[in-house]
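Here is a short briefing for a first look. It takes the ligand and its surroundings, then the domains.

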Amino acid sequence: MQGNMMQMPLLISALLRHADAYHGDTEIVSRLAPGEIHRYTYRDAHRRTRRLANALGSLGVVQSSRVGTLACNTHRHFELYFAVSGVGAIINTVNPRLFPEQVEYIINHAEDEIMCFDPALLPLVEKIAARCPRVRAWVALTGAGEMPESELELLCYESLLGSHGDRFEWPELDENTASSLCYTSGTTGNPKGVLYSHRSTLLHTLAICLPDGLDLSAREVMMPVTPMFHVFSWGLPYAACLVGAKLVLPGAQLDGASLYDLFEKEQVTFTSGVPTVWLGLLEHLQSKKLKLSSLKRAVIGGSACPPAMFDQFADLGVEVIHAWGMTETSPFATSNHLKAKHLLLPEADRRRLRTKQGRPGFGVELKIVDGEGRELPRDGVAFGDLLVRGPWVTVAYFKADGDSVLRDGWFPTGDVATLDEDGFVQITDRSKDVIKSGGEWISSIDIENFAIAHPAVAEAAVIGVAHPKWAERPLLVVVRKSGQDVDREQLLGFLRDKIAKWWLPDDVVFVESLPHTATGKLSKLTLRQQLKDYRWPEVPASTALT
Ligand code: ADP
């Protein structure tokens, strides 16, 4: 017997329809260039998105067509999110910070037919256009008066919208229809595409809005700093529609001063980003002795948020929501909310829990396994390969000929983690970054977290370097804060009482800067290449081993 309830597919268009109907006068604010603010409402956004849907039709976009973007966070990118998926086509957000060859690879692999790009990215577009034969139209996301000069035949986004009406009925698609496509950065090999559906997007959006997700509501002013090309800005533009929050889109200026300016002017309460983006903001606030007057919460993920960053934000009155996920998990899988019983714990224990990557909410299941696939205990101590499953976790990569990547129905994340009985995850490493010393594993993230707590350290990375006796030993690579000094002995002394003796790095190397991936994470692959000629000193620091 079936239930008697309405059959309404879970569709992305419903999010914008809801925002228009019940939050029609709530603002979406975009910074298009320094000092150039665009301001309109969800009602206006919906109207323009319907025009865009008509315009896409005129360009020959049909169900399952791929429409790519090379763009930062603006209202035009927001309109593309909803128009492309809304008509049943697939939006493929491409990360413009990747190497041109990777951008070209993604556009060709995705079979993008239309590419919409920020005019500032014209040099990239001109470099790759000839090698992207399937792209029928290159659309510059700007007005007719600001169209850039180019040898290429470009279309103008605003002219396209201007030549179409705003009458459009969103089609009632099957909720399992593909809606969006995002490629992982692919630190090794080619980027891999993850193809989301309307259903997976809606379930993920509902989950992140929950109190133990990101706790979002219509009382929030949300400013996602996470780029809209990085796993759909972690789903925040969809969530903003679902709850009807004011949305602030910061454009391309993500330096500390520009972020601070927008936080204050728009009275932002909630933000998101990877740890590296916050280094600039925190330094700016510190050097100028500034306070944040409205910001209450920042979700930090993409790589481990060092505990020192938690404390810096706490001093500014900002709560850090530490979250873990990946492109393959839409991306949110865990966040660090405590339970009632934890509130009774001493401050130090609560802090220890909150600096972990958090626990899964309903819809995400996790387990850790050993090398043979045997499940390991959830005791917060044992660590192994982290596996995940749920309705917003991928089964296979795009065009992988149906080849499932699952292991007995679970997605192997490539992360190594501990899990405790409440489901709190602590990521100890990417499996390829774990340091294997004398048959034991050392967590590079743990050592980095302690090193970055030193007042003279701006950034730190720990990599494993081949060792004749122990297979691998940890090497600490440090960027000093400007105007600050610290040497090898001082740093090792600082770490000595904080970590197990045999975890102590055997040496410290000071560098001007550390390499980052296109999504702002430490690129240990590049760092290992940069330090391939490094040799251990005669007397290692970890005398306990000799
Ligand atoms: P990419 O940056 O390669 O495009 P993702 O953004 O999908 O890929 O990266 C996912 C990976 O980022 C995770 O598997 C994990 O290693 C790392 N990661 C994400 N969030 C955290 C976190 N809070 N702490 C530690 N590592 C994290």
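A polar side-chain atom of Lys521 sits 2.7 Å from an oxygen atom of the ligand. Taken alone, the ligand exposes 570 Å², and the protein buries 90% of that. Keep in mind that this is a predicted model.

- Ala323 comes in through its backbone: one of its backbone N or O atoms lies 2.7 Å from a nitrogen atom of the ligand.
- Gln357 uses its side chain instead, with an N or O atom 2.9 Å from a nitrogen atom of the ligand.

**The shell around the ligand**
- In total, 18 residues surround the ligand.
- The closest are Ser185, Thr327, Asp415, Arg430 and Lys521.
- Strand E14, which covers residues 319-325, supplies four residues of the shell. That is the largest share.

**Two domains**
- The protein chain is divided in two: domain 1 spans 21-419 and domain 2 spans 433-545.
- Their C-alpha centres are 31 Å apart.
- Domain 1 gives 20 residues to the contact, and domain 2 gives 16 residues.
- Between them, domain 1 and domain 2 bury about 1500 Å². Carbon and sulfur atoms account for 66% of that area.

Key:
Residues are numbered from 1 along each chain as its sequence is written. This is a predicted model: local features need pLDDT of at least 70, side-chain atom pairs count only at pLDDT 80 or more; totals for chains, interfaces and linings use all residues. Side-chain values use heavy atoms; hydrogens and water are left out. A residue is near a molecule or strand if one of its heavy atoms lies within 4 Å of it. A polar contact is a pair of N or O atoms within 3.5 Å; within protein, one must be able to donate a hydrogen and the other to accept it, and residues adjacent in sequence count only if both atoms are side-chain atoms. Accessible areas come from the Shrake-Rupley method with a 1.4 Å probe; for residues, only the protein chains shown count as cover. Helices (H or I, at least four residues) and strands (E, at least two) are DSSP runs, numbered from the N terminus. Domain bounds come from an automatic or database domain assignment. Contact means heavy atoms within 4.5 Å. Buried area is the accessible area (1.4 Å probe) that two parts lose on being put together, summed over both.
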